[in-house]
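Reader: I would like to learn how to read a few features of a model. Please take them one at a time.

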Amino acid sequence: MSQLIKSAKIYTTHLPEWATLAVNLSECTIEPLQEGTPQTRSMGFVPVDDEDRNKVLRVFQGGMQFRFRMDEKVIPNKVLKIEVKAAIERIKQETGRKPGRKERAEIRDAVKDELACKAFVTSTEVDAFYDPENHWLIVATTQQKICDALMSHLVYACESVKTETIHVSDVAMGLTTRLKNWLAQQADEAFEGEVFGDLETAGTVELQQDKRRLRVKMDTLAQAELGLKTAMSQGFTVKSIALTTESGTHFTLTDVFDLRGIVFPNKVEAEEGDEDPWMAQAILEMGEMSDLIAKLIEMFSAKETPQ
């Protein structure tokens, strides 16, 4: 069974119970974008089960899952500018006059509609998993555009739902602050567990200063101490760090609380006769994600003792 959650943005929200949510989502399903029309975007919720096209919500032990789709026709700005300029030039040659501001805006809209009728439709789908006990919504992508669209539609579908993104910058100790504290103490490898709670570093720390980016690879923080000290003394900040849990889940945490490159230690091996391997995989991954999110929130919410 393929892994379901490979990257994630985490939100806190209070969604209705599953029966009500299913009705809400079914009333906000997508109207597929058609080629040959001037419409450039359509979005909404879609079925989660190919065998049941009316099923927009799947409930499993410890969570729920739904799916969102965004259809778009991409019209490059460069192409649009060229076509608008050509249309304006044709009017100048045919009439001998230069179109005014209002007419130029109308020309632009007309050209855009014409290009949209010729453009191909591209579709993007993303799954979202909800932990009703902790009120965490896990959107299985870090693409901000589709996350914003999904959350906007979810608020509209459920009317009065309040959603918030979890940000490292909003809590007491961000990645940069935590790493600076460790470097200031000139700690050895044994201190690593206290720096990142129950998590251990695994792979790469990515640093940034303006447009400059630097990657420091290591097995432990102690091995990279000199390189990190040098970089951070020059004003670099931590953009992301690879971490692993006690259970063996690997992931990269960014400074905006995105989780990328998620790899779970186990996956469900589908065998002939299994009733629903997807359900088993969802239960496994949701359990790992809920545990991971709890560890991250606890770690970054811990108050720092003044030095």
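Author: Start with burial: a residue is buried under 20% relative accessible area, exposed over 50% and partly exposed in between, with a 1.4 Å probe and protein chains only. C28, with a relative accessible area of 11%, is buried. This is a predicted model, where local features need pLDDT of at least 70, side-chain atom pairs count only at pLDDT 80 or more, and totals for chains, interfaces and linings use all residues. Residues are numbered from 1 along each chain as its sequence is written, and side-chain values use heavy atoms, leaving out hydrogens and water.

Reader: How far is the sulfur of C28 from the closest cysteine sulfur?

Author: A disulfide is a covalent bond between the sulfur atoms of two cysteines. The rule here asks for a pair of cysteine sulfur atoms within 2.5 Å. For C28 the closest cysteine sulfur belongs to C158 and is 8.1 Å away, too far for a bond. C147 is in no disulfide either, as its nearest cysteine sulfur, in C158, is 17 Å away. C147 is buried, at 0% relative accessible area. The disulfide count by this rule is zero.

Reader: What percentage of the protein chain counts as buried?

Author: Of its 307 residues, 45%.

Reader: And how are contacts read?

Author: A contact means heavy atoms within 4.5 Å. Among contacts in the protein chain between residues at least 6 apart in sequence, 68% join residues at least 24 apart.

Reader: What box do the C-alpha atoms fill?

Author: Along the principal axes, the C-alpha atoms of the protein chain fill a box of roughly 80 × 55 × 40 Å.
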